[in-house]
Amino acid sequence: MSQINRNAQQLLAPIISNKKVGNYQQIIINVGDLAASCKPGNFVAINVGGDSSSMVLRRAFAISRVTVSSTFGGTMELIVAPHGQGSRWLCAQGEGVVLDIVAPLGTAFGIPTEPMPVLLVGGGYGSAPLFGLAEVLNARGCRVDMLLGASTASKIYAPMEGKRAVNSMRIYTEDGSMGQTGRVTDPIAEIIKDLDIAVVYSCGPMPMLSAITKITNSLSVVHQCAVEEAMACGIGVCMTCVLPVENEDGSISMLRSCIDGPVMDGAKVQWDQVGKQL
Amino acid sequence: MGSGWKATMSTLDFSTTIGNTWFPAPTFTASGCASSGRELAQFFPLREMGGVVTKSVMSKARNGRPTPRMAETPSGMLNSIGLQGPGIDAFIAKDIPYLVEQKARIIVSIAGETVEEYSTLARKLRSVSGLSAIEVNISCPNVENRGLVFACDPDASRRVIDGVRRTIGGELPIIAKLSPDVTDLVSIARGVVDSGADGLALINTVLGMVINVDTMRPHLGGKTGGLSGPAIRPIAVRAVYQVHAALPNIPILGMGGVASGKDALEMILAGASGVSIGTASFGNPTAIMKIQNELKQLLLDRGFTSLKQAIGYAHRPEADNANE
Ligand SMILES: Cc1cc2nc3c(=O)[nH]c(=O)nc-3n(C[C@H](O)[C@H](O)[C@H](O)COP(=O)(O)OP(=O)(O)OC[C@H]3O[C@@H](n4cnc5c(N)ncnc54)[C@H](O)[C@@H]3O)c2cc1C
Ligand SMILES: Cc1cc2nc3c(=O)[nH]c(=O)nc-3n(C[C@H](O)[C@H](O)[C@H](O)COP(=O)(O)O)c2cc1C
Ligand code: FES
């Protein structure tokens with residue numbers, strides 16, 4: 001704990017393909033041997049804007065998926081939402097453009113040693129790393145069920161092949177444009193009880209993660225969530241990305257979500273204290 | 001030096017001195033921008049740069065300010081970390097031994113809320129071996145004077161440095177880190193040097209604010225924040241130049257937006273004996289190695305055989321330059 005991912009490296013990685021998928025860009029980059037050391041939950045920090053850019057900070061993206069052996073060597077997939085200047089720049093880069101990346105960074109989702117029923121919950125582009133995770137859990141013999149949610153259909157990321165490793169997938173949109181109308185958190189309690197879920201894995205907006213924690217805490221189910229805090233460095237040197245987290249002894253510390261996260265124990269994160277003076 | 005003449009790498013003396021301490025290279029981390037060095041060590045050996053300036057440490061552990069703690073701005077960023085840290089005892093127990101083991105040269109940055117706190121910190125560091133210098137971050141609110149930042153109060157600045165000097169004795173060089181948010185930087189610099197500072201670190205961040213137009217409130221949890229990065233470089237170069245002109249024999253650690261060898265050279269020509277690199281490491285974890293290599297080459301290209309020849313070169317009269 002509290003140490004930078006020992007596999008982290010800085011690398012120049014060419015873009016192999018960049019395709020629009022709904023509201024997002026699916027960007028695949030060639031990362032060579034680095035792919036083998038990336039685990040579901042880890043993230044990548046990417047330089048944006050080119051050499052003469054006025055954007056001085058890297059942007060963080062979840063590593064959606066890696067392939068270790070393909071015709072291109074190791075590859076890494078990212079699902080990028082055009083948000084502000086930096087992510088828009090990234091979305092606009094074509095095949096052959098070389099990206100300056102640092103990866104893999106942060107913690108990974110913990111994989112149970114025994115097969116057990118698990119639930120994966122994704123909000124918006126937060127579903128991206130869950131498909132790679134589903135494959136690992138599936139290979140471990142776990143029964144994997146998945147819930148995806150977003151405000152509207154175009155913000156649901158659910159690739160066809162992603163369904164291979166999951167037993168069931170339910171989609172919720174707030175405007176009802178895809179799947180059921182409502183929030184992804186609506187059915188969680190029931191699913192946990194019906195399927196005897198042992199671990200909930202989640203990735204998405206912070207209010208979603210906080211809401212899931214309320215449910216998992218009340219049912220005493222483990223909740224591993226991938227948080228998203230604004231990061232200046234991504235490598236643990238600046239202290240901007242902190243979240244209040246309960247320690248073993250019950251005290252609360254501001255932990256760096258780029259080092260002690262992004263995957264954290266939801267029950268330990270003090271959601272009510274985020275953004276408050278400790 | 002003839003125009004076609006170029007020294008080879010091995011003939012460049014890249015070393016620098018601050019107080020009585022010698023450093024093999026003039027490149028340092030900036031306090032608060034490398035934590036305690038462990039993370040950067042993943043990207044390059046810490047002993048390959050001049051030294052690690054550690055995150056300002058206080059007497060007690062601190063949680064710092066609420067999030068959001070940063071906002072990117074054009075060619076820079078605002079931060080309001082609020083000196084989160086483990087406190088001096090844990091720092092001495094855990095972080096110093098690691099840096100010593102890495103054979104890094106260590107400059108410990110200290111910060112306090114009272115004049116007395118700075119002296120207490122100095123007392124604790126006095127018996128720690130393996131340190132190269134102490135940087136005194138006086139850009140902190142003085143709780144005994146309505147929160148007025150020490151560095152903006154000439155008298156309080158002097159009393160802090162005086163206290164640290166008395167406690168530390170004559171052994172470790174003291175570097176006073178000043179804020180650019182003052183009307184007369186030179187007089188503050190003179191004051192701390194008279195009180196016993198061996199060197200100066202210029203500049204700390206520049207106070208700023210960003211307002212989020214959606215929430216229509218200040219973006220940072222701490223409301224105001226410190227601006228860093230290339231956006232403040234001209235302010236830093238000016239500060240180094242003015243202070244070097246007034247105090248030519250006092251070594252200066254120049255910082256503020258250094259992101260390339262060219263930027264580092266600018267600081268050195270202005271009068272810096274070394275440069276600290278902060279925000280650039282956020283965008284590029286190997287920035288310090290890059291800057292170091294580029295700086296060496298730029299010095300060689302200009303016919304310098306030692307870094308020391310370039311320090312303050314921009315102050316020479318034109319006629320002098322023509323003789324080169
Ligand atoms: C661990 C992690 C994983 C992420 N995974 C993905 C992903 O898979 N796909 C995706 O599209 N986005 C992801 N994000 C969010 C992504 O980092 C931001 O959308 C992006 O940084 C916005 O940059 P910008 O220049 O477009 O926006 P701007 O708003 O102009 O950015 C200004 C600054 O704020 C920071 N910032 C703004 N929004 C966020 C945010 N939501 N999270 C963190 N920093 C922010 C930026 O990094 C930048 O420094 C992730 C963030 C984190 C921390
Ligand atoms: C995130 C962050 C944290 C900082 N923390 C400290 C600190 O603890 N003590 C200190 O003296 N300066 C601190 N600084 C200021 C830097 O050391 C440096 O003076 C300033 O950032 C200008 O250099 P730069 O543009 O290279 O970052 C901090 C700066 C940043 C960006
Ligand atoms: S982003 Fe810098 S410490 Fe986490």
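How many residues lie between β14(A) and β15(A) in their hairpin? Select both strands to find out. Five residues separate β14(A) and β15(A), and in the turn Gly250(A) has a positive phi of about 90°.

Some ground rules before moving on. This is a predicted model, in which local features need pLDDT of at least 70 and side-chain atom pairs count only at pLDDT 80 or more, while totals for chains, interfaces and linings use all residues. Residues are numbered from 1 along each chain as its sequence is written, chains are lettered from A and ligands numbered from 1 in the order in which they are written, and side-chain values use heavy atoms, with hydrogens and water left out.

**Stop 1: the hairpin**

Strand β14 covers residues 242-246 of chain A and β15 covers residues 252-256; they pair antiparallel over five bridges. Strands here are DSSP runs of E with at least two residues, helices are runs of H or I with at least four, and both are numbered from the N terminus. Two strands count as paired if DSSP finds at least two bridges between them. Now click Glu246(A). Its bridge partner in β15(A) is Ile252(A).

Next, follow the chain past β15(A). Pro262(A) sits in the loop between β15 and β16 of chain A. The peptide bond joining Gly261(A) and Pro262(A) is cis, with omega about 5°.

**Stop 2: the open sheet of chain A**

Select seven strands of chain A in this order: β11-β10-β9-β8-β12-β13-β16. They form an open sheet with mixed pairing. β11 (180-181) and β16 (263-265) of chain A are at the edges; each has a single partner strand, so one side of each has no neighbour in the sheet.

β13 (residues 222-226) of chain A runs antiparallel to β16(A), joined by three bridges. Look for Gln224(A): its bridge partner in β16(A) is Asp265(A).

Now cross to the other side. β9 (residues 144-150) and β10 (residues 168-173) of chain A run parallel, with six bridges between them. Ala150(A) has Thr173(A) as its bridge partner in β10(A). Thr173(A) also stands opposite Thr181(A) in β11(A). Two bridges join β10(A) to β11(A), and that pair is parallel.

**Stop 3: ligand 1**

Select ligand 1. It lies between chains A and B. Show the residues around it, meaning those with a heavy atom within 4 Å. There are 19, and Ala60(A), Ala81(A), Gly86(A), Ser87(A) and Glu228(A) come nearest.

Which elements supply at least two residues each to this shell? They are β4 (59-62), β6 (75-80) and α1 (85-91) of chain A. The largest share, four residues, comes from β4(A). Domain 1 (9-105) and domain 2 (118-273) of chain A each give at least three residues; the bounds come from an automatic or database domain assignment.

A polar side-chain atom of Arg59(A) is 2.8 Å from an oxygen atom of ligand 1. A polar backbone atom of Ala60(A) is 2.6 Å from an oxygen atom of the ligand. At Ile79(A), a backbone N or O atom lies 2.7 Å from a ligand nitrogen atom. Taken alone, ligand 1 exposes 820 Å², of which the protein buries 84%. Such areas come from the Shrake-Rupley method with a 1.4 Å probe.

**Stop 4: ligand 2**

Move to ligand 2, which also lies between chains A and B. It is surrounded by 23 residues; the closest are Ser31(B), Ser56(B), Lys177(B), Gly257(B) and Thr279(B).

A polar side-chain atom of Ser56(B) is 2.6 Å from a nitrogen atom of ligand 2. A backbone N or O atom of Ile203(B) lies 2.9 Å from an oxygen atom of the ligand. A polar backbone atom of Gly257(B) is 2.6 Å from a ligand oxygen atom. On its own, ligand 2 has 610 Å² of accessible area, and the protein covers 97% of it.

**Stop 5: two backbone details**

Select Pro104(A) in strand β7 (residues 98-105) of chain A. The peptide bond from Ala103(A) to Pro104(A) is cis, with omega near -15°. Finish at Leu83(B), in the loop between β6 (76-79) and α1 (88-101) of chain B. Leu83(B) is not a glycine, yet its phi is positive, near 50°.

Key:
A polar contact is a pair of N or O atoms within 3.5 Å; within protein, one must be able to donate a hydrogen and the other to accept it, and residues adjacent in sequence count only if both atoms are side-chain atoms.
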